[in-house]
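This report goes through one protein model for a reader who is new to structures. Please look at the fold as a whole before reading on.

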Amino acid sequence: MRITVLPLALLCLPLLAVAQQQEQEPESQPARYLLGASLASRPEYDGASTRQTKLRPLWAFQWGRWRISTSGGSAILGFGRDSAGAGASTLLVNSNRLRLGVALRVDSGRNSGDASTTQGLPDVKRTLRARLFANYSLTPDVNLGANLSQDILGRKGGLTAGLDLGWRFYRSPTLEWASGIGISAADATNMRSYFGVPASAVTATGKPAYEPGAGLRDLHAGVSFTRPLSKHWFVFGGAGASRLLGPPADSPLTQQRNGTYANVGVAWRN
């Protein structure tokens, strides 16, 4: 069955209507920033059976409605509500319950030689992605987020979309726990770049040709914690699982549909 990402895009429309009814937050806010590092273990790529563990720096800086950060940096700085992700972003609507914004980030693509399973496939070129994101607070501790991300340079990155529900289920002065569940989808261009096998690569890869269409990409869930060590220092971590759906689940590149990840880190924020 062919599924498009249009229904996920339409989910943003009710949030736009609510924005007109929300009281705007004050514009004058002090600059905030974060520096840290995270050790993460996850599959080599979505659908891989082999894993990789990497130590990554992370940082984030925000001035008013403008922010720039690495992947994961914005959430632990305290901006997890907006679902902006990595890169440079700005908020167009910033109310008590609704945040709506746009972001730009560099997408590194995929070097097919990085994994034995993808050797012989065309590389996915580095590109620039534009992202529209929205997050609505159902309660102070429950948030619904949606996003659309488009390759704006036409380098076969395509369009992706996501819908996530987050819940902060425990909070105290010394510890905070949160969980979330979400679903993602992509158009045919993105699917073919990351899960397809073109006919021209059949001999080089030894895999059958596969040309997926648009559809659901994965279902994911996770849990995370943050624990202060002092006024500025804190440790954080999380773990989760995902299951490939739709065209990715049927791809000859997929060695297993289920995947898990875990990370732990330390950071300083003002």
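Which backbone oxygen does the side chain of Arg129 reach? The side chain of Arg129 comes to 2.8 Å from the backbone oxygen of Gly158. A polar contact is a pair of N or O atoms within 3.5 Å; within protein, one must be able to donate a hydrogen and the other to accept it, and residues adjacent in sequence count only if both atoms are side-chain atoms.

The model is predicted: local features need pLDDT of at least 70, side-chain atom pairs count only at pLDDT 80 or more, and totals for chains, interfaces and linings use all residues. Residues are numbered from 1 along each chain as its sequence is written, and side-chain values use heavy atoms, with hydrogens and water left out.

The protein has 6 helices and 12 strands. A closed barrel of 12 strands runs from β1 through to β12 with antiparallel pairing; from one strand to the next, the twist averages 20°. Strands pair if DSSP finds at least two bridges between them. Strands β7 and β8 run antiparallel and are joined by 9 bridges. Ser149 has Thr160 in β8 as its bridge partner.

The strands named with their residue ranges include these:

| Strand | Residues |
|---|---|
| β6 | 127-139 |
| β7 | 142-151 |
| β8 | 159-172 |

Arg129 lies in β6. Is Arg129 buried or exposed? Arg129 counts as buried because its relative accessibility is 3%, where buried means under 20% relative accessible area, exposed over 50%, and partly exposed in between (1.4 Å probe, protein chains only). Not counting residues up to four places away in sequence, Arg129 touches Ser149 and Thr160, among others; contact means heavy atoms within 4.5 Å. Of the protein's 270 residues, 41% count as buried.

The largest nonpolar core has 7 residues, including Val124, Met191, Tyr194 and Phe195. Its largest share, 3 residues, comes from α4. Such a core is a set of buried Ala, Val, Leu, Ile, Met, Phe, Trp, Tyr and Cys residues joined through side-chain atoms within 4.5 Å. Leaving aside neighbours within four places in sequence, Tyr194 is in contact with residues including Asp107, Val124 and Arg217.

Key:
Helices (H or I, at least four residues) and strands (E, at least two) are DSSP runs, numbered from the N terminus. Axes are lines fitted to C-alpha atoms, for helices over the stretch in contact, and angles run from 0 to 180 degrees between N-to-C directions.
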